[in-house]
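I opened the notebook to look up charged and aromatic side-chain contacts.

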Amino acid sequence: MSNETIITVVGNLTSDPELRFTQNGLGVVNFTIASTPRTFDKASNEWKDGEALFLRCSAWREFAEHIAGSLTKGTRVIAQGRLGQRAYETKEGEKRRSIELEVDSIGPDLRYATVQVTRAPQSGGNSSPRGAQGQPQQGEPWAQSAPQGEPWSGGASDASTPF
């Protein structure tokens, strides 16, 4: 979609992500990111917080489960996604609109934290091109080892290195 508004938001989660499942079993996670701009006030020689932006966010399927299992309230995150509007009606019958972010990518801000990355298994099989024994799986052309004797394979070669 060429006319979608893609944005990147840096901020803190205001609560733990809420994971729910549709009747069809699809996971959906909802959470809010609070992004507060900071500016330096030369007069007082200190940093001042501006007005916080609270942005509702959502993600779907396995991605939703990864977010719910990895991020918690207060985590500083960097999120990128598609900005959209949603129309709704209040209990009193008032028509309103909200702006929401459908997240495509999110992760902790490593300026303020360290993480241990664990590759999540993909549905339908092993997420790695190598099986449990470290061998390339069948049908994965990018997982094949280079032929022995080729300069890029690390094996023996009669050819001289071109550089």
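I began with aspartate 109. It is buried, at a relative accessible area of 11%. For burial I used these cut-offs: buried is under 20% relative accessible area, exposed is over 50%, and partly exposed lies in between, with a 1.4 Å probe and protein chains only.

I noted the ground rules next. This is a predicted model, where local features need pLDDT of at least 70, side-chain atom pairs count only at pLDDT 80 or more, and totals for chains, interfaces and linings use all residues. Residues are numbered from 1 along each chain as its sequence is written, and side-chain values use heavy atoms, with hydrogens and water left out.

Which residue does aspartate 109 pair with in a salt bridge? I found arginine 76, with the closest N and O atoms 3.6 Å apart. A salt bridge here is a side-chain nitrogen of Lys or Arg within 4 Å of a carboxyl oxygen of Asp or Glu. The pair links distant parts of the chain, 33 residues apart: arginine 76 sits in strand S7 (residues 76-89), aspartate 109 in the segment after strand S8 (95-108). Strands are DSSP runs (E, at least two residues), numbered from the N terminus. Arginine 76 is partly exposed, at 29%.

I moved along strand S7 to arginine 82. Its salt bridge is with aspartate 104, and the closest N and O atoms are 2.9 Å apart. This pair also links distant parts of the chain, from strand S7 to strand S8, 22 residues apart. Arginine 82 is partly exposed at 24% relative accessibility. Aspartate 104 is partly exposed as well, at 38%.

I then followed the network. Salt bridges link Glu4, Arg82, Glu102 and Asp104. For the whole structure I logged 9 salt bridges.

One of them joins lysine 48 and glutamate 46, at 3.3 Å from N to O. Lysine 48 has a relative accessible area of 33% and is partly exposed. Glutamate 46 is partly exposed too, at 39%.

Last, I checked the aromatic rings. How many aromatic pairs are there? The count is 1. Rings of Phe, Tyr and Trp (its six-membered ring) pair if their centres lie within 6.5 Å; planes under 30 degrees apart are stacked, over 60 edge-to-face, the rest tilted. Why is the pair edge-to-face? The planes of phenylalanine 40 and tryptophan 47 stand at 70°, with the ring centres 5.4 Å apart, so the pair is edge-to-face. Phenylalanine 40 is partly exposed at 38% relative accessibility. Tryptophan 47 is exposed, at 52%.

Note on methods
Helix = DSSP H or I, 4+ residues; strand = E, 2+ residues; numbered from the N terminus.
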